[in-house]
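Dear colleague,

I am handing over the structure below, and I would be grateful if you could look through it alongside these notes. What was found follows directly after it.

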Amino acid sequence: MDHSHMNHGDVDMGHGDQPTCSMNMLFTWSTENLCIVFSSWRITSNASLIISLAAIVALTAGYEALREASRRYEMRLEQRVEGMTRQGRSAEEQTGRVFKAAFYGVQVFYSFFIMLLFMTYNGWIMLAVGFGAFLGYLLFGGSSATKSAACH
């Protein structure tokens, strides 16, 4: 089938006279016209690259902080429920389930956002994600490193 009339090659993500965002589907170290997740998060200089990399490290480390907060909440909930009567336990477990579901939803959203960062296929961004995960685990990781870091 001939699809040449569909013109998939030139995706214009620019606004007026702004340069277009580079959307690489292959690994690259280039930061020319690099947009990170949003067209407004554009790398325009070495300074904006360094600030963006620091933000990505912080975001990725924050994901591990969120995971640890979720684990701690679950442990505290178990401790609270242990000494309760059956009736009180049921109500507390229901409330706990809602909070655990909220933690889970935020974690899934957060992990997919980190996946989008990684999918820029830019080496600098990938290194920042990896270093952020390393730093986050050092600072916040209280449990096993074998726990999955998958997107979902």
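What covers the buried residues of H3? The cover includes H1 and H2, where helices are DSSP runs of H or I with at least four residues, strands are runs of E with at least two, and both are numbered from the N terminus. Buried here means under 20% relative accessible area, exposed means over 50%, and partly exposed lies in between, with a 1.4 Å probe and protein chains only.

Please keep in mind that this is a predicted model, in which local features need pLDDT of at least 70 and side-chain atom pairs count only at pLDDT 80 or more, while totals for chains, interfaces and linings use all residues. Residues are numbered from 1 along each chain as its sequence is written, and side-chain values use heavy atoms, with hydrogens and water left out.

The protein chain has three helices and zero strands, giving the pattern α-α-α along the sequence. Of its 152 residues, 29% count as buried.

Helix H2 (residues 86–118) has 33 residues and reaches 47 Å from its first C-alpha to its last, close to the 48 Å expected at 1.5 Å a residue, the expected span being 1.5 Å times one less than the number of residues. Its buried residues, among them Gly96, Tyr110 and Phe113, pack against H1 and H3, and contact in these notes means heavy atoms within 4.5 Å.

Helix H3 (residues 123–140) has 18 residues and reaches 25 Å, close to the 26 Å expected. At the start of H3, a side-chain oxygen of Asn122 reaches to within 2.9 Å of the backbone nitrogen of Trp124. The buried residues of H3 include Gly123, Met126, Gly132 and Gly136. Leu139, by contrast, is exposed, because its relative accessible area is 57%. Together with Phe131, Phe134, Leu138 and Phe140, Leu139 forms a nonpolar patch on the surface, with about 530 Å² of accessible area together; areas come from the Shrake-Rupley method with a 1.4 Å probe, and for residues only the protein chains shown count as cover.

Lastly, Phe27 is found in the segment before helix H1 (46–82) and counts as partly exposed, because its relative accessibility is 48%. Leaving aside residues up to four places away in sequence, Phe27 touches Tyr121, Gly123 and Met126. The C-alpha atoms of Phe27 and Thr120 are separated by 8.3 Å, although these residues are 93 apart along the chain.

Conventions
Patches are made of residues with over 30% relative accessible area and no salt bridge: like charges are joined within 9 Å, nonpolar side chains (Val, Leu, Ile, Met, Phe, Trp, Tyr) within 5 Å. A salt bridge is a side-chain nitrogen of Lys or Arg within 4 Å of a carboxyl oxygen of Asp or Glu. A polar contact is a pair of N or O atoms within 3.5 Å; within protein, one must be able to donate a hydrogen and the other to accept it, and residues adjacent in sequence count only if both atoms are side-chain atoms.
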